[in-house]
Each structure stands twice: as C-alpha cells, then as structure tokens.
Amino acid sequence: MAAATGSERARKTLAYLRRHITTGTWPVGSRIPIEPELAEQIGVGRSTVREAVRSLASIGMLETLPGRGTFVRSAAPTSTLLNQFLNDFTLEEILSYRRALEIEAAQQASIHRSEEDLAALEQAIRDEQGCTRCPVLLSGAEATAFDSRFHRLLFDSAKNRLLAALYAGTNDQLRSPAHRGRLANVASAKEVELDHKRILDAIRRRDFIDTVHAMADHVDHDVVIVNDQHEAVPALARSPEQQQRIDVVREAGEQRLTSV
Ligand SMILES: [Zn+2]
C-alpha cells in the first residue's frame with residue numbers, strides 16, 4: 001500500500017507545519033527552516049515537504065520568496081476563494097453568517113472540549129481581561145487581533161477544522177476596506193469578560209443549551225453594524241418581552257458564576 005503510506009506522510013508533514021504555525025512556534029513574519037532541515041525533522045522526503053509548503057501557501061499561511069526562503073504569512077488559513085465568494089454578499093449577510101459559525105462552534109465545543117481546552121480558554125479570559133475589542137476591529141498590523149484568542153480557542157475546542165477555517169476567512173473579509181468604519185464593538189470590557197465567563201461555565205458543564213444562549217447573547221452585543229449616524233444596528237430586533245426573557249436567562253447565568 002505504497003500510496004496510502006505516501007498520503008500518510010503527506011498528512012503528517014502538513015500537520016507538523018500547521019502545528020508550528022498555529023501554536024506560534026513559527027510566528028507570523030518569521031522564516032521557517034529550509035526544506036532539507038524540515039525533511040530531516042519530520043522524517044520524510046524533500047518532495048513531500050515541498051508539496052505541503054505549496055499547499056499551505058495556497059491557503060495564505062505561507063509564502064515562498066525565491067532566493068529568500070519561506071515565510072509565515074498568517075496563523076490561520078485565509079482562502080482567497082472564500083474571500084472572493086463573500087465579496088458578493090452584504091455586510092449584514094456576512095455578519096449573520098459569522099454569528100451562525102460562532103454559535104455552532106460554541107455548541108460543538110461544549111460537547112468536544114477537553115480538559116486542556118478548558119484550561120486554555122480560562123487562561124485566555126484572564127489574558128484578555130479589560131479588552132473591549134472582542135474580536136477587536138483593528139486594521140493594519142494589529143488586524144490579527146480581530147480573532148480574540150478566546151474565540152479562536154473556542155473553534156479549536158469544537159474540533160471542527162472547517163468551522164475554524166470559515167471563521168478565519170470571514171473575519172478576514174470583515175477586515176477588508178469595503179467594510180471599514182461600518183462595524184463597532186459595543187460591549188464594555190466588563191460585559192465581555194462576564195459573557196466569556198458565562199460561555200466557558202456552560203461549556204465546562206457540557207450544557208450545550210446554556211452554551212448556545214450565552215454565545216447568541218454575546219455575539220448580539222459584541223460586534224455590530226453601525227449606520228451613517230454611528231448608531232449601532234442590532235442584529236436581531238426584539239420586542240421588550242423578548243428582551244426581558246433574554247435578560248432573565250443572562251442574569252441566571254451570571255448568578256451561577258458568582259455562586260460557584
Ligand atoms: Zn467575545
């Protein structure tokens with residue numbers, strides 16, 4: 001079964017490179033080791049390494065500059081195809097799609113999370129304390145901060161690479177100049193922290209119903225569209241009665257946090 005062994009080697013090589021990029025062992029902007037070194041480290045042939053590098057370059061994670069080496073360009077796959085596809089949709093449509101991804105990932109995370117995932121999420125909440133920009137809306141060099149670590153780890157915990165890739169690509173699209181100035185964070189630092197704690201608490205208890213509610217609530221008062229008068233446009237219009245029901249659930253979740 002030479003073919004199967006070959007694809008196994010290819011998978012192993014891809015996983016090795018990806019791991020070094022996503023964990024930050026090779027930070028964005030750094031040059032990765034040269035082909036023969038990698039081949040030796042991974043225990044595969046040089047052509048297998050070359051193939052894996054090419055594949056990661058095609059999704060925007062690596063870039064090979066002739067005569068200079070291969071550099072890390074992004075810690076997450078940024079598919080040009082996805083970006084081109086999303087170009088045809090309105091900001092409202094993209095944001096609503098992103099909301100769906102967040103809620104599904106949170107639900108999956110409540111089912112598939114490991115103890116290590118919980119520890120990492122907890123650490124992210126601590127590290128991001130005081131941060132109102134979740135996921136922050138910045139441009140230029142700070143743009144990667146768009147994916148708050150808490151949210152990215154949530155997608156890791158969901159153990160679904162497709163959800164994670166679509167999320168990264170969607171965030172990428174939201175950062176495009178076309179949408180600049182049309183999005184805002186409306187949650188305060190305290191609200192963000194409390195929301196994240198509530199989400200994590202539900203995930204820890206493997207309660208996917210609470211998780212879904214906590215995340216839906218969070219995304220609705222996190223990143224929102226602003227109109228020409230710089231007023232936030234809520235993702236979903238709610239009647240006072242509906243808002244009251246949401247508030248009751250939220251308060252129950254917050255009370256749980258203080259009583260634990
Ligand atoms: Zn958040």
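Helix α9 (residues 189–204) packs against helix α10 (residues 208–220) at an angle of about 165 degrees, and their axes lie 8 Å apart. Helices here are DSSP runs of H or I with at least four residues, strands are runs of E with at least two, and both are numbered from the N terminus. The axes are lines fitted to C-alpha atoms, for helices over the stretch in contact, and angles run from 0 to 180 degrees between N-to-C directions. The two helices α9 and α10 are therefore roughly antiparallel to each other. In this scheme, angles under 35 degrees count as roughly parallel, over 145 as roughly antiparallel, 65 to 115 as roughly perpendicular, and the rest as oblique.

The model is a predicted one, in which local features need pLDDT of at least 70 and side-chain atom pairs count only at pLDDT 80 or more, while totals for chains, interfaces and linings use all residues. Residues are numbered from 1 along each chain as its sequence is written.

**Helix packing**

The crossing of α9 and α10 is left-handed, a term used if the near helix is turned anticlockwise from the far one by less than a right angle (right-handed if clockwise). On the α9 side, Asp-195, Arg-198, Ile-199, Ala-202 and Ile-203 meet Asp-210, Thr-211, Ala-214, Met-215 and His-218 of α10. The contact of α9 with α10 comprises five nonpolar, two polar and three charged residues. Residues are in contact if their C-beta atoms, placed from the backbone, lie within 7 Å. Ala, Val, Leu, Ile, Met, Phe, Trp, Tyr, Cys and Pro count as nonpolar, Asp, Glu, Lys and Arg as charged, and the others, Gly among them, as polar.

Helix α9 has a further partner in helix α6 (residues 115–127), and the axes of these two come within 10 Å and cross at roughly 170 degrees. This angle makes α6 roughly antiparallel to α9. Leu-118, Leu-121, Glu-122 and Ile-125 in α6 meet Glu-193, His-196, Lys-197, Leu-200 and Arg-204 in α9. By class, that contact of α6 with α9 has four nonpolar, one polar and four charged residues.

Helix α5 (residues 91–112) and helix α8 (residues 161–174) have axes that come within 10 Å and cross at roughly 150 degrees. They are therefore roughly antiparallel to each other, and the crossing of α5 and α8 is left-handed. Among the residues that meet are Ile-94, Tyr-97 and Leu-101 in α5 and Leu-163, Leu-166 and Tyr-167 in α8. The contact of α5 with α8 has eight nonpolar, two polar and two charged residues.

**Strands and hairpins**

Strands count as paired if DSSP finds at least two bridges between them.

| Strand pair | Bridges | Residues standing opposite |
|---|---|---|
| β1 and β2 | four bridges | Leu-62 and Val-72 |
| β3 and β4 | three bridges | Asn-185 and Val-223 |
| β4 and β5 | two bridges | Val-226 and Ala-232 |

Strands β1 (residues 62–65) and β2 (residues 69–72) run antiparallel. Glu-63 has Phe-71 in β2 as its bridge partner. The strands β1 and β2 form a hairpin with three residues between them, and Gly-67 in the turn has a positive phi of about 80 degrees.

Three further strands form an open sheet in the order β3-β4-β5, with antiparallel pairing. At its edges stand β3 (183–185) and β5 (232–233), each with a single partner strand, so one side of each is left without a neighbour in the sheet. In the hairpin of β4 and β5, five residues lie between the strands, and His-230 takes a positive phi near 60 degrees.

**Domains**

The protein is divided into domain 1 (2–72) and domain 2 (80–259), with bounds that come from an automatic or database domain assignment. The centres of domain 1 and domain 2, taken over C-alpha atoms, are separated by 31 Å.

Terms used. Contact = placed C-beta atoms within 7 Å.
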